[in-house]
Amino acid sequence: MAVPLSYNVRNLLVRRWTSAFTAGGIALVVAATMLLAALVSGLKQILVSAGQPDNLVVMRKGSTSDGSSQVPRDAAQTIRSMTGIARDGDGTPLASPELVNQPFMRNREGGRENVLVRGVEPVAFRVHRAVRLVAGRPFAPNLGEVVVGADAARRYGVGIGDRIELGRRHWTVVGLFDSGGTALDSEIWADVSDVQDDTRRDGYSGVRVTVAPGGDMRDLKNRIESDGRFTLEAKPEVTYYAEQAETANALYVLVLTLAIVMGAGATFGALNTMYAAVANRTPEIGTLRALGFGRGAILVSFLAESLMLALAGLVAGLVLAGVAMFAINTLLSGVAFSMMTFTVATVLLAPTAGGALLGVGFAAAIGLLGGLGPAWRAAHLPVVEALRHA
């Protein structure tokens with residue numbers, strides 16, 4: 001014969017404050033796990049979505065990103081003249097030599113952080129096809145003008161006509177662009193010759209090229225890499241950004257570590273709550289046994305009570321995580337995240353089924369581990385001893 005669940009519900013309501021604090025601890029574990037998992041997912045999304053399937057990234061061999069690469073001018077010119085590269089209507093090859101710099105910039109709070117400035121030529125807007133100008137106009141060469149990504153504009157509080165300090169000079173914001181939520185939205189673009197002059201660097205960080213429709217990407221890649229005059233490596237842009245996103249996998253270790261630490265604390269809280277319940281309800285347990293409820297029924301009843309606490313914490317954690325994600329993405333416009341290039345990107349939290357399952361798993365584990373010991377103790381209390389406390 002099973003103990004009615006209504007008995008457990010009434011006991012949780014009688015100890016409502018203790019139950020609320022225990023469920024609250026579980027809710028914090030669930031919410032924190034889901035928020036961190038959503039951060040990892042959002043970071044991967046902004047990186048992976050930045051790549052075009054028909055683009056190649058050309059860098060110095062062995063470079064892990066275009067921020068650590070250097071490509072000579074003559075190499076960039078050679079790449080531009082290769083067959084197999086797409087061309088626009090006027091015959092211009094869709095090859096974009098680019099120079100990346102990471103100067104400091106002050107955010108709205110007054111703190112200094114690195115921002116990615118990408119020196120490009122006008123052809124870059126046709127190679128990075130996700131990028132579109134949404135306000136103002138493109139920068140003019142050699143005039144110290146910049147266009148700012150949507151996320152960077154929000155983070156640094158800049159608009160068209162503003163003067164900003166980057167590197168050794170001041171720049172004028174003449175346009176705003178949007179790339180549909182990719183990592184490019186956190187960048188500032190300027191004329192490549194202006195960036196070369198400001199950084200006193202010759203050459204480029206890399207070259208982005210678009211393969212001609214129907215062209216053989218592998219053949220073009222091999223021809224670039226086999227040119228003995230230069231030490232270059234070419235890889236599909238999708239692969240390049242996927243490799244950048246792999247760095248986010250290390251964050252999963254942080255997610256699990258924090259969740260385990262917080263989960264251990266919540267488990268001890270549940271243990272304390274349930275052991276106290278057993279101690280305070282010894283006469284009740286004796287009465288239930290005297291009424292004919294077996295040890296198995298008592299064990300299941302107390303374990304169910306612990307799992308009810310876990311379920312309440314899970315529901316509260318899901319609601320808390322949902323509200324927090326909405327507030328962060330809508331009110332704060334995302335989370336500032338330091339990339340492997342030491343620049344800051346704005347990441348929108350992206351909830352995933354995996355993050356929700358992690359939350360469910362931790363809540364279930366806390367309920368089981370926190371309730372199994374006390375339930376076992378309650379089930380094995382001698383009936384005579386339990387009734388003596390009545």
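Helices here are DSSP runs of H or I with at least four residues, numbered from the N terminus. The model shown in all views is predicted.

**View 1. A nonpolar patch on the surface that includes Leu311.** Leucine 311 belongs to helix H11, which covers residues 295–331. Together with Val315, Val319 and Val323, Leu311 makes up a nonpolar surface patch.

**View 2. The buried residues of helix H8.** Helix H8 runs over residues 237–246, and its residues Glu237, Tyr240, Tyr241, Gln244 and Ala245 are buried. These residues lie on the same side of H8, because the arc they cover around the axis is only 140°.

**View 3. The largest cavity and its lining.** One cavity of 30 Å³ or more is counted in the model. The space in the largest cavity is about 40 Å³. Its lining consists of Asn101, Pro103, Val117, Leu166, Gly167, Trp171, Val195, Asp198 and Thr199. Helix H6, residues 192–199, gives the largest share of this lining, with three residues.

View 4. Six of the eight residues of H6 are buried, so the helix is mostly covered. The buried residues are Val192, Asp194, Val195, Gln196, Asp198 and Thr199. Among them, Val195, Asp198 and Thr199 also line the largest cavity.

Note on methods. Residues are numbered from 1 along each chain as its sequence is written. This is a predicted model: local features need pLDDT of at least 70, side-chain atom pairs count only at pLDDT 80 or more; totals for chains, interfaces and linings use all residues. Side-chain values use heavy atoms; hydrogens and water are left out. Patches are made of residues with over 30% relative accessible area and no salt bridge: like charges are joined within 9 Å, nonpolar side chains (Val, Leu, Ile, Met, Phe, Trp, Tyr) within 5 Å. Accessible areas come from the Shrake-Rupley method with a 1.4 Å probe; for residues, only the protein chains shown count as cover. A salt bridge is a side-chain nitrogen of Lys or Arg within 4 Å of a carboxyl oxygen of Asp or Glu. Helices (H or I, at least four residues) and strands (E, at least two) are DSSP runs, numbered from the N terminus. Buried means under 20% relative accessible area, exposed over 50%, partly exposed in between (1.4 Å probe, protein chains only). The arc is that of the directions from the helix axis to the C-beta atoms. On a 1 Å grid over the protein atoms alone, a cavity is a set of points where a 1.4 Å probe fits but cannot get out, and a pocket is an open set with protein on both sides within 12 Å along at least five of seven lines; lining residues have an atom within 4 Å of a point. Grid points are joined across faces, edges and corners, and a volume is the space filled by probe spheres set on the points.
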